[in-house]
Amino acid sequence: MMLPALSAIIIPILTGILLGKEALGGLLVGSIASGFMLAVMMANSGGAWDNAKKYIESQKGGKGSEMHKAAIVGDTVGDGLKDTAGPSLNILIKLMSIVALVSVPLLV
């Protein structure tokens with residue numbers, strides 16, 4: 001987790017210093033646009049896998065079936081997506097934006 005945290009701090013500063021404030025603005029817009037879409041996809045797919053397991057438990061064969069065993073694997077992945085990975089992108093975007101705002105005096 002150190003590498004993503006350091007990249008969220010270092011990349012906006014280096015982009016602003018080496019490429020200028022316009023490039024830093026483009027970096028922030030790109031990170032917001034792509035991060036938002038990825039976070040929405042993770043939240044939706046994680047919720048879908050969780051609901052699929054619940055549906056299988058209630059309708060399609062119940063607990064112990066082969067379909068249920070496969071749904072447990074999907075639910076394991078889905079819980080991580082909807083509960084941790086998706087929301088953490090919000091923190092990453094905020095960190096990049098705050099670092100960019102704090103580093104503005106270096107660019108002006």
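Start by selecting residues 2-19, helix α1, and then α2: their axes come within 7 Å and cross at roughly 145°. (Helices, H or I with at least four residues, are DSSP runs numbered from the N terminus; axes are lines fitted to C-alpha atoms, for helices over the stretch in contact, with angles from 0 to 180 degrees between N-to-C directions.) Before you click on, note that this is a predicted model, where local features need pLDDT of at least 70 and side-chain atom pairs count only at pLDDT 80 or more, while totals for chains, interfaces and linings use all residues. Residues are numbered from 1 along each chain as its sequence is written, and side-chain values use heavy atoms, leaving out hydrogens and water.

Now show the side chains where these helices meet. From α1, pick Ile 11, Pro 12, Thr 15, Gly 16 and Leu 19; they meet Lys 21, Ala 23, Leu 24 and Leu 27 of α2. Contact here means heavy atoms within 4.5 Å. Sorted by class, that's six nonpolar, two polar and one charged residues.

Next stop: the largest nonpolar core. Select Ala 8, Leu 24, Leu 28, Met 96 and Ala 100, five residues in all. Both α2 (21-58) and α3 (66-102) supply at least two residues each. Such a core is a set of buried Ala, Val, Leu, Ile, Met, Phe, Trp, Tyr and Cys residues joined through side-chain atoms within 4.5 Å, and buried means under 20% relative accessible area (1.4 Å probe, protein chains only). Zoom in on Met 96: leaving out residues up to four places away in sequence, Met 96 touches Ala 8, Pro 12, Leu 27, Leu 28 and Ser 31.

Stay in helix α3 and select Ile 93. Is Ile 93 buried or exposed? Ile 93 counts as buried because its relative accessible area is 17%. Not counting residues up to four places away in sequence, Ile 93 touches Ser 31, Ile 32, Gly 35 and Phe 36.

Last, hop to Asp 50 in helix α2. Asp 50 has a relative accessible area of 12%, so this residue is buried as well.

Definitions and conventions: Buried < 20%, exposed > 50% of the residue type's maximum accessible area, 1.4 Å probe, protein only. Nonpolar A, V, L, I, M, F, W, Y, C, P; charged D, E, K, R; others polar.
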